[in-house]
Amino acid sequence: MSRYLLNKFLYTVDRDPDLVERYRADPAGTVTWWEAEIANQLLNCAVPEKSTWQSFTADERKALREHDHVALFELGAHPFLTLTLFIAMFERDHGPLEYQKAYGHALRHHSLPYPDIAT
């Protein structure tokens with residue numbers, strides 16, 4: 001399991017409006033593509049460089065493909081990254097703050113200490 005890779009996915013997708021829409025419309029395809037093409041890129045390098053060892057676990061892939069923010073939280077994804085991406089994808093389908101309230105409501109069963117989000 002790599003909280004770093006989960007957070008990298010959330011971060012990179014959230015910062016690209018085209019990827020946000022792609023992930024909303026085709027989560028499974030986007031996760032497969034991102035893992036093959038982006039996961040091992042070293043970000044912000046002047047010369048593109050890649051590593052070769054990072055990949056999602058089956059549970060991480062499933063949570064990302066299903067847009068399951070509760071499972072992502074339990075896997076250690078940073079809740080701010082998940083929330084901002086999911087707001088970009090789903091807030092338009094709800095009234096003001098309805099999505100944010102539903103997001104929090106789905107996590108209400110968690111109590112302190114929360115899952116570790118350190119990378």
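Helices α2 and α3 are oblique to each other. They pack at an angle of about 125°, with their axes 5 Å apart. This is a predicted model.

**Helices α2 and α3**
- Helix α2 covers residues 17-25, and helix α3 covers residues 27-37.
- From α2, the contact uses Leu-19, Arg-22, Tyr-23, Arg-24 and Ala-25.
- From α3, Pro-27, Thr-30, Val-31 and Trp-33 take part.
- By type, the residues of this contact divide into 6 nonpolar, 1 polar and 2 charged.

**Helix α6**
- Helix α6 runs over residues 79-90 and has 12 residues.
- At 1.5 Å a residue, α6 should span 16 Å; its end C-alpha atoms are 16 Å apart, which agrees.
- Its buried residues are Leu-81, Thr-82, Leu-85, Phe-86, Met-89 and Phe-90.
- Seen down the axis of α6, the buried residues fall within an arc of 130°, so they line one face of the helix.
- An α-helix has 3.6 residues a turn, so residues three or four places apart point the same way.
- The cover over the buried residues of α6 includes α1 (3-14), α2, α5 (69-75) and α7 (98-106).

**Tyr-103**
- Leaving aside residues up to four places away in sequence, Tyr-103 touches His-69, Pro-79, Thr-82 and Leu-83.
- Tyr-103 and Ile-87 lie 16 residues apart in sequence, and their C-alpha atoms are 9.3 Å apart in space.

Terms used. Residues are numbered from 1 along each chain as its sequence is written. This is a predicted model: local features need pLDDT of at least 70, side-chain atom pairs count only at pLDDT 80 or more; totals for chains, interfaces and linings use all residues. Side-chain values use heavy atoms; hydrogens and water are left out. Axes are lines fitted to C-alpha atoms, for helices over the stretch in contact, and angles run from 0 to 180 degrees between N-to-C directions. Helices (H or I, at least four residues) and strands (E, at least two) are DSSP runs, numbered from the N terminus. Angles under 35 degrees count as roughly parallel, over 145 as roughly antiparallel, 65 to 115 as roughly perpendicular and the rest as oblique. Contact means heavy atoms within 4.5 Å. Ala, Val, Leu, Ile, Met, Phe, Trp, Tyr, Cys and Pro count as nonpolar, Asp, Glu, Lys and Arg as charged, and the others, Gly among them, as polar. The expected span of a helix is 1.5 Å times one less than its number of residues. Buried means under 20% relative accessible area, exposed over 50%, partly exposed in between (1.4 Å probe, protein chains only). The arc is that of the directions from the helix axis to the C-beta atoms.
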